[in-house]
Amino acid sequence: MVVIPEDQRTLAALTHLSGLAGYIIPFGGALVPIIIWVVKSDSPLISTIAKQALWLNILGFILGGLLAVVGFFLALTVILIPVVVLLALGLSVALIGLPIVGAIKAWDGQYYKYPVVGLSV
């Protein structure tokens with residue numbers, strides 16, 4: 001288990017939450033983690049968390065687009081509309097919940113590795 005030093009916990013938590021900036025600023029979900037990654041390239045821990053936040057947003061963008069296309073065809077069959085709704089809800093919960101869980105873990109000093117796109121320090 002990787003322990004986050006006391007002086008880097010706040011920045012680590014904010015870095016996890018930086019991926020949520022896309023809900024406030026257009027393209028902020030990608031730009032803010034990239035800026036943190038470049039500025040804090042001297043800190044392997046913070047830059048790795050920024051990479052995770054960036055990859056989570058890229059994966060969410062790709063899956064969201066794929067879900068829109070597949071969802072269109074599934075919605076043509078009225079019986080599969082609930083499947084589209086459940087998939088969209090699951091993706092939304094993951095894209096909002098994972099950064100929050102990561103921030104809470106970082107605040108407690110634990111390194112959180114995202115499922116699927118998580119990187120090791």
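Which residues lie nearest the centre of the largest pocket? They are Gly22, Gly29, Asn57, Gly60 and Phe61, among 14 residues that line the pocket. Before going further, note what is shown. This is a predicted model, in which local features need pLDDT of at least 70 and side-chain atom pairs count only at pLDDT 80 or more, while totals for chains, interfaces and linings use all residues. Residues are numbered from 1 along each chain as its sequence is written, and side-chain values use heavy atoms, with hydrogens and water left out.

Start with the overall build. The protein has four helices and zero strands. From the N terminus on, the elements run α-α-α-α. Helices (H or I, at least four residues) and strands (E, at least two) are DSSP runs, numbered from the N terminus. Helix 1 covers 9–18. Helix 2 covers 28–39, and helix 3 covers 44–76. Helix 4 takes in residues 81–107. The C-alpha trace spans about 55 × 25 × 25 Å along its principal axes.

Next, the surface and the contacts. The accessible surface comes to about 7,300 Å², and 78% of that surface belongs to carbon and sulfur atoms. Accessible areas come from the Shrake-Rupley method with a 1.4 Å probe; for residues, only the protein chains shown count as cover. Of the 121 residues, 35% count as buried. Buried means under 20% relative accessible area, exposed over 50%, and partly exposed in between (1.4 Å probe, protein chains only). A contact means heavy atoms within 4.5 Å. Among contacts between residues at least 6 apart in sequence, 63% join residues at least 24 apart.

Now back to the largest pocket. About 350 Å³ of space lies in it. A pocket is found on a 1 Å grid over the protein atoms alone: it is an open set of points with protein on both sides within 12 Å along at least five of seven lines. A cavity is a set of points where a 1.4 Å probe fits but cannot get out, and lining residues have an atom within 4 Å of a point. Grid points are joined across faces, edges and corners, and a volume is the space filled by probe spheres set on the points. Helix 2 and helix 3 each supply at least two residues of the pocket lining. Helix 3 gives the most, with four residues. By class, the pocket lining has eight nonpolar, six polar and no charged residues. Here Ala, Val, Leu, Ile, Met, Phe, Trp, Tyr, Cys and Pro count as nonpolar, Asp, Glu, Lys and Arg as charged, and the others, Gly among them, as polar.

The structure also holds one cavity of 30 Å³ or more. About 40 Å³ of space lies in the largest cavity. Its lining is made of Gly19, Leu20, Tyr23, Leu56, Asn57, Leu95 and Pro99. Helix 3 and helix 4 are the elements that give two or more residues to this lining. The cavity lining divides into five nonpolar, two polar and no charged residues.

Aromatic rings come next. A pair of aromatic rings is described by the distance of the centres and the angle of the planes. Rings of Phe, Tyr and Trp (its six-membered ring) pair if their centres lie within 6.5 Å; planes under 30 degrees apart count as stacked, over 60 as edge-to-face and the rest as tilted. By this rule there are two aromatic pairs. Phe72 and Phe73 form an edge-to-face pair, 5.3 Å centre to centre, with 75 degrees between the planes. Phe72 is exposed, at 51% relative accessibility. Phe73 is exposed too, at 53%. The rings of Tyr112 and Tyr114 have centres 5.7 Å apart and planes at 75 degrees, so this pair is edge-to-face. Tyr112 is buried at 17% relative accessibility, and Tyr114 is buried at 2%.

Phe27 is found in the loop between helix 1 and helix 2. Most residues other than glycine have a negative phi. Phe27 has a positive phi of about 65 degrees. Phe27 is exposed, with a relative accessible area of 69%.

Gly102 sits in helix 4. Gly102 is buried, at 0% relative accessibility. Leaving aside neighbours within four places in sequence, Gly102 is in contact with His16 and Tyr112.

Ser47 lies in helix 3. Ser47 is buried, at 6% relative accessibility. Not counting residues up to four places away in sequence, Ser47 touches Trp37, Lys40 and Ser41.
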